[in-house]
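Please keep the sequence and the model in view while reading.

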There are 2 protein chains.
Amino acid sequence: MAPGGAIMLTTMSTSLHFRAIEHLGTRIVSGKLPTGHVMLAEHLEDELKVSRSVVREAVRVLQSLGLVETIKRVGIRVLPAHRWNPFDPMVIRWRLAGEGRGAQLRSLAELRFAVEPAAAELAAENAPGTLRSELVEISLAMREAGRAGDMATFLELDIRFHALVLSGSGNEMFANLIGQVTETLTGRTVHGLMPEHPKEAALQWHVEVAQAISDGDGDKAREASSSIMRETIADLSPGWAGQPRVFVPVERR
Amino acid sequence: MAPGGAIMLTTMSTSLHFRAIEHLGTRIVSGKLPTGHVMLAEHLEDELKVSRSVVREAVRVLQSLGLVETIKRVGIRVLPAHRWNPFDPMVIRWRLAGEGRGAQLRSLAELRFAVEPAAAELAAENAPGTLRSELVEISLAMREAGRAGDMATFLELDIRFHALVLSGSGNEMFANLIGQVTETLTGRTVHGLMPEHPKEAALQWHVEVAQAISDGDGDKAREASSSIMRETIADLSPGWAGQPRVFVPVERR
DNA sequence: TCACACCAATATGTGCAGACATCAAAACTC
DNA sequence: GAGTTTTGATGTCTGCACATATTGGTGTGA
């Protein structure tokens with residue numbers, strides 16, 4: 001679905017087409033339908049109790065995500081995981097829901113670690129004025145809420161803080177990661193990975209990032225953001241300890 | 001399409017469904033069909049001279065990319081650009097082909113600048129042994145080809161070098177950027193943005209990255225990779241000078 | 001007269017069923 | 001073993017019924 005799968009999910013949940021995508025997508029990503037497995041459209045009609053058009057439209061979407069390919073006279077074949085589009089919101093959601101959860105969280109965290117400092121640097125150079133000042137306000141409010149131990153408010157501000165940094169970069173690919181970052185932050189709190197009070201240093205780094213962006217100091221913004229990321233990774237990494245890494249083949253040209 | 005749109009493009013170019021996606025996708029991304037523009041499925045049938053099933057399957061795919069939404073009793077509405085999935089290979093390809101080329105190149109370059117050093121660091125920690133040694137070999141061959149001014153060989157090796165670094169990270173999201181990086185590198189050569197001989201320093205940085213990865217020295221690998229990226233950005237940035245930045249709105253929760 | 005609530009008409013997407021076209025795997029012929 | 005035919009699955013087209021949101025009209029009360 002469009003960036004923001006959760007919203008779509010509610011508005012489209014009545015559509016048979018969408019349900020077919022979910023059904024097949026989750027089963028493929030979870031590994032229940034292994035690589036190379038071949039299905040017949042007719043068989044899917046029976047299984048899902050829907051008509052051919054619904055199955056076909058769903059298969060077409062999955063095809064565009066790289067999850068399956070259709071071959072005449074053969075059927076619908078499940079593609080290997082390295083062919084899936086790892087940036088697609090639906091694929092990410094399905095991986096988070098099943099086996100691949102740990103590996104997916106690690107991938108997202110590493111991506112975020114790479115991107116957020118870069119986004120902070122760009123925001124310092126490009127962000128509109130209103131965004132800069134809101135960022136400073138939020139960072140101060142975060143510090144206050146953090147010290148007070150008001151974790152609900154803290155989470156809300158934290159989410160908005162990181163969203164603003166990503167948005168303020170003026171890079172739409174960075175901004176597109178807002179959803180995943182939001183999920184990470186909420187997940188961390190929901191799963192009880194946050195301490196009673198956030199570390200004072202972390203609070204200070206947020207203020208630093210905001211101030212540096214506000215001052216247009218790209219280097220400082222990047223550095224402070226890196227510090228936050230290091231801390232975040234340290235908090236989260238136990239969640240994916242021991243997950244095997246997958247090395248996608250580099251085909252020779 | 002699956003990661004690797006170019007391949008799909010050739011294998012599927014006969015399909016009406018695929019042509020419909022391309023037709024609509026390019027026109028939406030290029031701005032010829034502006035945000036909010038409403039189309040009727042029936043009208044698209046006439047325009048493309050195809051049947052409903054083809055149109056519907058195409059619209060479903062575009063919907064999953066966030067390019068359009070379908071509303072009962074209204075039609076098919078074009079969504080604003082900030083709803084498009086900026087990581088989708090098709091969207092990227094369409095943007096590169098039209099108006100948004102400059103902005104798209106900048107986005108990709110910034111993403112690459114953020115990701116490649118991180119990938120190099122991870123590769124130093126995780127890459128399999130064979131990959132490490134191949135990387136060293138390639139970096140040395142690159143230096144040789146570069147000094148000899150054999151730019152064809154250099155480009156080929158350069159592509160494989162960066163692909164191996166991304167793949168060696170063991171992060172499938174990083175690895176998925178191989179296609180875009182390849183396109184950037186080829187484009188830079190094809191469009192005559194490369195000097196007669198690559199700079200000696202750049203050649204040396206590549207060797208350094210490979211050696212550091214081979215030695216498992218993550219910090220050094222990251223630093224050397226950053227140097228390459230700074231150089232690369234400096235070479236390419238004139239290509240998108242003056243492109244306006246788009247700040248995607250952060251919706252309040 | 002105006003404002004509002006309600007209801008019916010209607011256009012459009014959604015889903016279904018069946019037909020024929022196309023193409024590649026598999027079986028068959030020589 | 002090479003070439004040909006058969007076969008079976010996807011690809012495409014079409015007609016139809018249903019669900020639903022917009023639209024406009026209708027009625028009621030202020």
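Which residue is the bridge partner of Val38(A) in β3(A)? The partner is Arg77(A).

## Basis of the report

The model is predicted, so that local features need pLDDT of at least 70 and side-chain atom pairs count only at pLDDT 80 or more, while totals for chains, interfaces and linings use all residues. Residues are numbered from 1 along each chain as its sequence is written, chains are lettered from A and ligands numbered from 1 in the order in which they are written, and side-chain values use heavy atoms, without hydrogens and water.

## Strands

Strands of a sheet pair through backbone hydrogen bonds, either parallel or antiparallel. Here strands (E, at least two residues) and helices (H or I, at least four) are DSSP runs numbered from the N terminus, and two strands pair if DSSP finds at least two bridges between them.

In chain A, β1 (residues 38–39) and β3 (residues 75–78) are antiparallel and share 2 bridges. Strand β2 (residues 68–71) of chain A is also antiparallel to β3(A), with 4 bridges; Thr70(A) lies opposite Ile76(A) there. The hairpin of β2(A) and β3(A) has 3 residues between its strands, and Arg73(A) adopts a positive phi near 70 degrees.

Chain B contains an open sheet of 3 strands in the order β1-β3-β2, paired antiparallel. Its edge strands, β1 (38–39) and β2 (68–71), each pair on one side only. Between β1(B) and β3(B) there are 2 bridges, and Val38(B) has Arg77(B) as its bridge partner.

## Two copies

## Cavity

A cavity is a set of points on a 1 Å grid over the protein atoms alone where a 1.4 Å probe fits but cannot get out; lining residues have an atom within 4 Å of a point. There is 1 cavity of 30 Å³ or more. The largest cavity holds about 120 Å³, a volume being the space filled by probe spheres set on the points.

Helices α6 (101–126), α10 (178–190) and α12 (218–236) of chain A each give at least two residues to this lining. Among the lining residues are Leu108(A), Arg112(A), Gln180(A) and Met229(A). The lining comprises 8 nonpolar, 3 polar and 1 charged residues, where Ala, Val, Leu, Ile, Met, Phe, Trp, Tyr, Cys and Pro count as nonpolar, Asp, Glu, Lys and Arg as charged, and the others, Gly among them, as polar.

Terms used. 1 Å grid on protein atoms, 1.4 Å probe; cavity = no way out; pocket = protein on both sides within 12 Å on 5 of 7 lines; lining within 4 Å.
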